[in-house]
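Please read them with the sequence and the model side by side.

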Amino acid sequence: MISRRMLLLLDVMCVAGVGWAGVLIGALLGGDRLVSTTVAVVVAGVLVLPGFTAGILTNRRIVRGRQPQSGWVRSVWSPPELPRWGLTLTGLVFFAFWLAGISAVAGMSQEIPAGDSAAAQRQVDHQQRFALGVLGGVGTGGTALAAASLLRVRRTARTGERQTAAR
């Protein structure tokens, strides 16, 4: 089990990765490339993927009550239990990254005329925007999942304290 502090650290890293990807995509849309594609994607991946993985792993629940259809299933993935404003914000940010990635695909599918370095540069910018759009969307989901896990752990700890105090 991942500790609360570690989960909080991974969630903050995920938020930083989403911010990193968002700033770089914004700069690309403005016509500036702040860093190379390799650096942009590696940094975004290092910031986003651990938090996403932790969010997936901690959002599993042990099946209680009615037995599952299959005997070997002992845990199931549960959707994030966030307030409505949190889920709405997650959906909007995810959609923005999805839109950035999809619009980059349209630019990547264009033919590059031989010797046109500006078109080749735009192609590289579209590739970077696509990769950052995917990682930003993954980071958005990871942030929501890790935050939901933190809320559940906090709620469980508070409920456990109340039950102990009542005894």
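1. Surface. The chain exposes about 10,500 Å², and carbon and sulfur atoms supply 65% of that area. Please keep in mind throughout that this is a predicted model. Of the 167 residues in the chain, 30% count as buried.

2. Overall layout. The secondary structure consists of four helices and two strands. Followed along the sequence, these elements come in the pattern α-α-β-β-α-α. Take the contacts between residues at least 6 apart in sequence: 76% of them join residues at least 24 apart.

3. Helix α1. How does the span of α1 compare with what its 26 residues should give? At 1.5 Å a residue, α1 should span 38 Å, and its end C-alpha atoms are 37 Å apart, so the two values agree. The buried residues of this helix are L7, L10, D11, C14, G17, V18, A21, L24, I25, A27 and L28. Just after α1, G31 has a positive phi of about 100°.

4. The largest nonpolar core. Which residues make up this core? It has 11 residues: V18, A21, L24, I25, L28, A40, A44, F97, A100, L132 and L135. The elements that contribute two or more residues to it are α1, α2, α3 (84–108) and α4. The largest share, five residues, comes from α1.

5. A second core. There is also a separate core of five residues, with L10, A54, A146 and L150 among them.

6. A100. This residue belongs to the largest nonpolar core. Leaving aside neighbours within four places in sequence, A100 is in contact with I25 and R129. Of these two partners, I25 is a member of that core as well.

7. The salt bridge. How many salt bridges does a search of the whole structure find? The search finds one. R33 forms a salt bridge with D125, and the closest N and O atoms are 2.8 Å apart. R33 lies in the loop between α1 (4–29) and α2 (37–58), while D125 is in helix α4, so the pair ties together parts that are 92 residues apart in sequence. As background, side chains of opposite charge can pair when their charged atoms come close.

8. The two partners. Not counting residues up to four places away in sequence, D125 touches L28 and R33.

9. F130. This residue also lies in helix α4. At 32% relative accessibility, F130 counts as partly exposed. Which residues does F130 contact, leaving aside its neighbours within four places in sequence? They are G101, A104, V105 and M108. F130 and V105 are 25 residues apart in sequence, and their C-alpha atoms are 6.7 Å apart in space.

Definitions and conventions: Residues numbered from 1 in each chain as written. Predicted model: local features only at pLDDT ≥ 70, side-chain atom pairs only at ≥ 80, totals over all residues. Heavy atoms only, no water. Contact = heavy atoms within 4.5 Å. Salt bridge = Lys/Arg side-chain N within 4 Å of Asp/Glu carboxyl O. Core = buried A, V, L, I, M, F, W, Y, C linked by side-chain atoms within 4.5 Å. Buried < 20%, exposed > 50% of the residue type's maximum accessible area, 1.4 Å probe, protein only. Areas by Shrake-Rupley, 256 points an atom, 1.4 Å probe, with all protein chains shown as cover. Expected span 1.5 Å × (residues − 1).
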